Amino acid sequence: MVSTSRTATLGGRLTRLGFRDVARAIHLCTDKDFTAVVGAVAPDHPVLDALAESADPDLALLALVRLCEAACAEAGAGDPGAEERRTRLATLLTMRDAASQSDAVQVRSRLVSVLGASTALGDELVRHPELLDVVDDVTSGVGVDVRAVRGEMLHAVGADPDADVPVARDAAPATVDAVRRAYRRRLLRIAASDLTSREPLSLLPAVAAAIADLAAGALEAALAVARADVDDHGEGVRLAVLGMGKCGGRELNYVSDVDVIYVVEPRDGYDEDYAITVGTRLASSLARVCAGPSGEPALWPVDAALRPEGKNGPLVRTLSSHVSYYDRWAKTWEFQALLKARHVAGDRELGAAYVDAVTPLVWTAVERDNFVQDSQAMRRRVEDNVPAAEADRQLKLGKGGLRDVEFTVQLLQLVHGRSDPAIRSSNTLTALAALAAAGYVGREHAAQLAVCYRFLRSIEHRIQLVNLRRTHLMPTSEDDLRRLARSVGMRAEGAEGLLARWRTVRRDVRSLHEELFYRPLLPATAQLSAEEASLAPDAARARLAAIGYRDPTGAVRHIAALTDGVSRRAAIQRQLLPVMLGWFAEGSDPDGGLLAFRRLSDELGTTPWYLKLLRDSGSAAFRLAYLLSSSSYVADALGRSPESVTWLADDADLAPRPVARLLVEADAILTRADDPRQAVTLLRALRRRELARIACAELLGVCEPEDAAPGISDAADTVLVGGLRVAQHVVCDEQGHDLARPPAAMSIIAMGRLGGRELGYGSDADVLFVHDATDGADPSVAQTYALAVAQRVRQLLGATGEEPSLEVDADLRPEGRNGPLVRSFDSYAEYYGRWSSPWESQALLRARPVAGDPDLGRRFTALVDPLRYPQGGLDPATVREIRRIKARVEAERLPRGADPTRHLKLGRGAVTDVEWTVQLLQLEHAAAVPGLRTTGTLAGLRAARDAGLLDASDAETLEIAWQLASNLRDSVVLWSGRAGGATADVLPADRVALAGIARTLHYPPASGSDLEEDYLRAARRARTVMERVFYGEEV
Amino acid sequence: MDRQQEFVLRTVEERDIRFIRLWFTDVLGMLKSVAIAPAELESAFAEGIGFDGSAIEGLTRVYEADMVARPDPTTFQVLPWRGDHQGTARMFCDILTPDGEPSLSDSRNVLKRTLTRASDQGFTFYTHPEVEFYLFEPPTAGGPLVPIDHGGYFDHVARTQGHDFRRAAITMLESMGISVEFSHHEAGPGQNEIDLRYADALTTADNLMTFRTVVKEVALEQGVFASFMPKPLADQPGSGMHTHLSLFEGDRNAFHEPGAQYELSKTARQFIAGLLHHSAEITAVTNQYVNSYKRLWGGAEAPSYICWGHNNRSALVRVPMYKPGKGNSSRVEYRALDTAANPYLAFALMLAAGLKGITEGYELPDATEDDVWELTDAERRALGIKPLPQSLDDAIELMERSELVAETLGEHVFDFVLRNKRQEWAGYSAQVTPFELKRLLQVL
């Protein structure tokens, strides 16, 4: 039973030391070769303590066992060096007294750290046990002079580091392998230093620099091999390799594509063609040495895709050819890439000449046309370019990833580097520190961002080390995460703690972007602490212009006005404004947004709730910024009723109010008011407020555009109800009637779009007035009274005043403008019985009583029903007449010079085309199909489809076109802030206007042309359907 | 500056070019040209040359008059007829809006867009046109048209101008980098055919624009007069432009499948099905003039009916005889097209029709082996063979309803073509023709 108790104790020990698969570990501890080296493994064997230090003791143990096997096998073959290595291994793994042998302890720690963090390096050690020398020699792998690294790599291929143009001994496969072995040898040294560091985050920049230097050395050696492969060693060509990306920034990953650009020049006596031909050969051969098939694993792909014209361009170019390309053709992103260019291998002078030549171009890129749009598009690519499946695991891409940090820093460099050479470093962390030192960003925030960056990079390094694979994905398995946590010194926090910290970092990177970019725009007078930066006016203007403000000077003024001073209000603005400046910049009119915000804040700044709301509700602030910078209409509306800002915090407040609630409010207004004008002003204010609410809701996507029109109509209904009551009151007073017993009952019948509850922001209210004399009243008195009331309604609601008017239009009445404004019920009955024409029946399809005596309204409806829903439909002559009228309307109503394809109301396939089609179907079939008895266009359209009068796809075509045209009419108002006018119903041709309108319809940025194409297509299709269904044209 | 642009600048310097003509094509396929001095070249590459587009057919919407023409340096070519010394060169242009977006109304851009769509599906599109045209004696005022000879198909007409003409034209084309496959006398008197070598569709379309100019220039030099009018002589065959089409996937001909019927792959069969299915609605573009329909319905070899056949010269789509071992030469021949078409738009539509067949997986109807012209109407109906539009009017009506044409051309070009063609038809219908006068004036 002895063995059982021993096993149990070893198992317990292993468990305590952090081994996960204890059974397997116990089994491994009894491995023949392992025990041959370290002796029998008792629970207190020193090797176990050593293993426990590593990131993954299980992995380290397995690798150690394999290493012992390899050492034994090697020693068995009789190699004296091998025997020595085996002994050394035994000493290291069995030594107990730590204090007396700190060097040896350090070596042992290096060994288990590497084995516990990297399967790939463990395999490398097993394959080449002689690499134990590297572990044994505790010289640090980081902070090594780059020349020493270069020399080491060149020596490996038999080239002379001191030669002007080093050439390798030959280009045989063995030499290629030598480059790769030398590379890995040094990589092992770097990894050993990195993995045993107490503070991996502090060491990170040095590690990344060491890897970049090693890559540079490898490129140099590969170039030497490439030259050896050419007959005359390419002596007529000077070739420089420029490192780009992380290689250029001297901040390379363990495993990454190495981005380069090649420059060549002929030496005296050779021509350019020679230089290009031979240079191309050298460059391709260099890439093969690094990544082609060979006995040793490839290093990394050498990627020259950042060169002019990308993959389609020539692999090498002369300096002048590079420069002339960049002078004329390069895109903004290419300059951002060039910011990183650094000579890494080959001809040093030529490399320096290249950097000198492109530097001025890089630092004037910000002056180029389209810089703003390009950089915004680039930013979107950075944020959005993440495959959905990886979104939660990406370290590099996506919001809060490494690329995000780099982008932020580079954009700041491009904006300010033009005037300040001090911040032009190609290294992300150095540049960030320089930006802080020069006062372009706050020190505190810059330091925080640097920590985030180091953290993300450290994680990335550790993940890549495991298999030496290029990956930027967080692992998913518990074991992998645990190893990762332990390898970055988060032993206690474990996998959960690591993930939590990572999430925090990602969030921080986002908010730090805002802080770094926008906070320094606040003027110095608004500075909160010495840690914060404030840009000089020129720098502030440059930054504002770079993010899309068209009037940076004005913007600087507004920012100062908002944040100056010591008031609490200014203090909160200083908190809020930086991030809002970014949000304004995303809208279609940043300047307009900022200006409107300033106005609003001037108005409301002292109210207790306004700033508090914006500060405490992130969504309210974002929504406000979006609305103000996308819609002049809303900017204006919120300016008139600043209290509306409270809605933004709550979707329920943004939902259109039901009409019943509005009527109650109107009733309260009328009951309270004693002065009629005052009452009407309040009613008009109510409507203005509801329109603003609906506009906000529509723009914010809280309600669909389809729900906006009924809400807008409800507001008009309410005003009509109230307006009629006021008018009745006033007229009774004036004409000496008893208000309780007026000479006539009155009703207002909504027509047109109001009747269909399809009103837009700028629409008039089409109505009919009807009255009916009270029993015993004199008909002529009743008529006089009713006429006065109708006139008064129009005057009260339509007159200009402090609140927006509602134009009440009664042109659809019998005999049009020549007929009396008001008719009695009997007069309508007689008229419709005798004279009515087809177009009147058609107009009556929209008739809906909205205000006044409900009973009279019902009687009116009953009166017109037989006209608009005629029994047996229409006779052919009437159908012909309606078609003829439509054809004439098409020819005559369109404003002179208007393009029919772009007129949203009367144009080809626009609103009117669809409505007439539906109305014709209603006139023909409503008597038989009850569903068609509706005033709404879409309701009628759907009823016609359900009744089989219209084929489903035709109905859909018409609906899409009608809806899009209606939405566009609203959007034109929302975007421009102008209702009415000659251009209101026309799809703008101006690119800026189109892009702005497209934004209000939730198209992605810069989609004006898409919107235009979508509308033209929808309308064309609708017209085809309309011609077939309405005009009855056979196909 | 990229290599091509550098090459252009260098060549202009070395060869002492004094004028560079920037060529572009209006929506109807007419060549437009603006000449610039070499000093302007760099800025033309960088920013393009601004011009007032409203004066050019279909190029702009009225309110957007300013347009920019930016030369495509890969199309640089010295014009041989302007002489070697202090010469003239030309480049084709892309038309851009002032803010640098490709213009929606540029027909070259329409073709580019469609080619991009094809390449998104992994295809490159090659075309190979056979261009027919007539040579006449220089016209006298009011006199009848006199062809320069009385030869027929493949006739070797000794020592005529036609001979010299073809030699001169081909030499000039070759010197402009346009390879000629084949040339011979055609069936009509004075009628010639020159076949261009196959190339990708954009190059071919550019080449065709050049070709028409070259032929006109050479004719002038030789004291004759060339016309690409589809049907200049009522009793002689018209001039068409049979065009061979093929799709490649990388280096592989996607139409070829060894062992299949006629060695035609499924892709090819679906492509043909697409072409046939949409042929009627694209006719207003492939045969865009009133006169085009006099060729289409003038008998002889003209394809008036929508059907296909293997080596059937009366069918609309002909699958040429397969040559064993030449897998990459598999192709289909579309026979309706005439030389007066805008090649950019026509190629775009033929490609779009074929691609539609592939994406929708259209079934190819059976091949027609008979001479379709010999069948009676009832027989054709029984076989399900429909006619192409009988007139420009018919064609317009079919195009109006075509989603395929609208999507391919884009709403602007679509709208413009329709308006323009309606005007042409109205203008034509208003004519009182000699035919009517001769028939009716006396007897009525």
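Below is a chat about a predicted model with chains A and B.

Visitor: Hi! Which domains is chain A divided into?

Guide: Hello! Chain A has domain 1 at residues 2-136, domain 2 at 139-362, domain 3 at 548-649, domain 4 at 704-868 and domain 5 at 876-1029.

Visitor: How far apart are the C-alpha centres of domain 4 and domain 5 of chain A?

Guide: Those two centres lie 27 Å apart.

Visitor: And how many residues does each of these domains of chain A bring to the contact?

Guide: Domain 4 of chain A gives 19 residues, and domain 5 of chain A gives 20 residues.

Visitor: Which elements give two or more residues to the domain 4 side?

Guide: On the side of domain 4 of chain A that touches domain 5, they are α34 (705-735) and α38 (838-844) of chain A.

Visitor: What classes of residue are on that side of domain 4?

Guide: That side of domain 4 of chain A, where domain 5 of chain A touches, has 7 nonpolar residues, along with 6 polar and 6 charged ones.

Visitor: New topic: helices α24 and α25 of chain A. At what angle do they pack?

Guide: Helix α24 (residues 537-546) and helix α25 (residues 552-563) of chain A pack at about 115°, and their axes are 9 Å apart. Since angles of 65 to 115 degrees count as roughly perpendicular, that is how α24(A) stands to α25(A).

Visitor: Is the crossing left-handed or right-handed?

Guide: Right-handed, as α24(A) passes α25(A).

Visitor: Which residues meet there?

Guide: From α24(A) come Pro537(A), Ala540(A), Arg541(A), Leu544(A) and Ala545(A). They meet Pro552(A), Thr553(A), Ala555(A) and Val556(A) of α25(A). By class, this contact of α24(A) with α25(A) holds 7 nonpolar residues, 1 polar and 1 charged.

Visitor: Let's turn to chain B. How many helices and strands does chain B have?

Guide: Chain B has 12 helices and 18 strands.

Visitor: What does chain B span along its principal axes?

Guide: The C-alpha trace of chain B spans about 65 × 55 × 50 Å.

Visitor: How does its radius of gyration go with that of a compact globule?

Guide: They agree: chain B has 22 Å, and a compact globule with 444 residues would have a radius of gyration near 22 Å.

Visitor: Last one: how many residues are in contact between chain B and chain A?

Guide: The contact has 14 residues of chain B and 15 residues of chain A. On the chain B side, helix α11 (residues 403-429) of chain B provides the largest share, 4 residues. The side of chain B that touches chain A is made up of 9 charged residues, 4 nonpolar and 1 polar.

Notes
Residues are numbered from 1 along each chain as its sequence is written. Chains are lettered from A and ligands numbered from 1 in the order in which they are written. This is a predicted model: local features need pLDDT of at least 70, side-chain atom pairs count only at pLDDT 80 or more; totals for chains, interfaces and linings use all residues. Domain bounds come from an automatic or database domain assignment. Two residues are in contact if their C-beta atoms, placed from the backbone, lie within 7 Å. Ala, Val, Leu, Ile, Met, Phe, Trp, Tyr, Cys and Pro count as nonpolar, Asp, Glu, Lys and Arg as charged, and the others, Gly among them, as polar. Axes are lines fitted to C-alpha atoms, for helices over the stretch in contact, and angles run from 0 to 180 degrees between N-to-C directions. Angles under 35 degrees count as roughly parallel, over 145 as roughly antiparallel, 65 to 115 as roughly perpendicular and the rest as oblique. A crossing is left-handed if the near helix is turned anticlockwise from the far one by less than a right angle, and right-handed if clockwise. The radius of gyration is taken over C-alpha atoms; the globule rule is 2.2 Å times the number of residues to the power 0.38.
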